[in-house]
Amino acid sequence: GHFLSWLSSDFTVFLIGQVIAAAAGGSLYSLALTILSDGANPERGFGLSLAAQVSFQVAGMIWLPGLIAGMGLDGVIELFLLMSGLALGSMVLLPKRGRAVEDHHSLHAIFRPVSLLALLGCLFFFLNVGCFWAYIELLATDRGLSPDAIGQVLAVGVAVGLPGALLASWLGERVGLVAPLALGALGTVMSVVLLTLDFAALEFLIALAIYNFAWNFSLAFQYAAVARLDRTGSSVAVAPAFHGLGAAIGPSMAGLTFENLGYASVTMLAGLAVTASFGLFYLGFRLNRDEIGVGA
C-alpha cells in the first residue's frame, strides 16, 4: 500500500494505497496483540508494546516536522516504507502457530458475556480518550494559552505516557488486574477534574501528564484483561475495533451537549466514560471470578 502511494502522483491511486496500508496495519496490529496475549505474562508484553508506540509518537513529534519541511510527503511515505521493510524482516521471529485452544469458534468466544463486557470496557475507555483529545487544544486556547505553549505541553504530556507503559510492564501480573484498572480510572478522573479549574501552562501540563500516564498504564492491563477473560485470543484481536469505535463516538457525544454545557460536557463525559469502563471490566471479573479471581 505504501509502495503504491509512493509510486504514483495520482491522488486516487495514493488514496487507494493508503486504504490498503491502513487495513493491513489494523490486521497486523490485531495479530501482534494475539501473539502478546499468548505469553505467560501478557501484561508485560502489552506494556512494552505500548512503550514502543509512545516512543515512536514522541520521535514523530520531534522529527516529522523537519522531515516534511525538507522532503515533503514523499519523505513520510519513504519512512513508512522503511518501517514496513523492517517489519517484514522481523517476520522470521514470529511464532509459527498460536497457543492451542479448545474453542475455535471466534464469534462464539467474542459474544460470551464476559468477553463483551471487557470489549465494552475498551469502548467506553476510548470514548473518554476521543472526547478528551478532540477538545483539549480548544479548551487550552479558550483558557488563554498560546499555540507554542500548547504544543510544548502536549509533547511533554505524550512523553509521560512512556513511564506509565513501562511501569505496567515492570509490574506485570504481580498486582493483578483490578487495582491497576482502578488506578488508571482514578488518574483519568483526577486529570479531567483539574481541567475544570482555572489553569495556566503548568497546571495544564500536570493534568496532561496525569492523563497520559494513567492512559498508557491502564491500557496494558485492559488488553491483559481482555486476553484473560477470553483465552482464545479472538476478543483481544478485535479490541482495537472497539477502541476505534469509542474514539469516534466520544467527540460526537460531547458535540451534542457542547452548545449548552460548553467544556464542562467534555470533562464530565470523559470522567463518566472511564468510570463506566472500569465498572464493565470489574463486572466481567465478577462473572468469571472462578477462573481469574475477582481480586486478580
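How much space lies in the largest pocket? In this predicted model, local features are described only where pLDDT is at least 70, side-chain atom pairs count only at pLDDT 80 or more, and totals for chains, interfaces and linings use all residues. Residues are numbered from 1 along each chain as its sequence is written, and side-chain values use heavy atoms, with hydrogens and water left out.

The largest pocket holds about 1800 Å³ of space, where a volume is the space filled by probe spheres set on grid points that are joined across faces, edges and corners. On a 1 Å grid over the protein atoms alone, a pocket is an open set of points with protein on both sides within 12 Å along at least five of seven lines, a cavity is a set of points where a 1.4 Å probe fits but cannot get out, and lining residues have an atom within 4 Å of a point. The pocket is lined by 44 residues, of which Gly 25, Leu 28, Tyr 29, Met 83 and Ala 87 lie nearest its centre. Two or more lining residues come from each of helix 1, helix 2, helix 3, helix 5 (113–142), helix 9 and helix 10, the helices being DSSP runs of H or I with at least four residues, numbered from the N terminus. Helix 3 gives the most to this lining, with 14 residues. By class, the lining of the largest pocket has 31 nonpolar, 13 polar and no charged residues; Ala, Val, Leu, Ile, Met, Phe, Trp, Tyr, Cys and Pro count as nonpolar, Asp, Glu, Lys and Arg as charged, and the others, Gly among them, as polar.

Helix 3 (residues 42–89) spans only 24 Å between its end C-alpha atoms, whereas a straight helix of 48 residues would span 70 Å at 1.5 Å a residue, the expected span being 1.5 Å times one less than the number of residues. A kink of about 125° in helix 3 is centred on Met 71, the bend at a residue being the angle between axes fitted to the seven residues ending there and the seven starting there. The buried residues of helix 3 include Pro 42, Phe 46, Leu 50, Val 54 and Ile 77, where buried means under 20% relative accessible area, calculated with a 1.4 Å probe on protein chains only. Among the elements that cover the buried residues of helix 3 are helix 2 (11–37), helix 7 (161–171) and helix 10 (234–261).

In helix 7, Gly 161, Gly 164, Ala 165, Ala 168, Ser 169 and Leu 171 are buried, and the buried residues of this helix pack against helix 3, helix 6 and helix 9. Helix 7 is followed by Gly 172, whose phi is positive, near 55°.

The structure also holds two cavities of 30 Å³ or more. The largest cavity has a volume of about 60 Å³, and its lining residues include Phe 132, Tyr 135, Val 192 and Tyr 263. The second largest cavity has a volume of about 50 Å³, and the largest share of its lining, four residues, comes from helix 11.

Ser 265 also has its place in helix 11. This serine is buried, with a relative accessible area of 1%. Not counting residues up to four places away in sequence, Ser 265 touches Ala 254, Thr 257 and Phe 258, a contact meaning heavy atoms within 4.5 Å.

Definitions and conventions. Buried means under 20% relative accessible area, exposed over 50%, partly exposed in between (1.4 Å probe, protein chains only).
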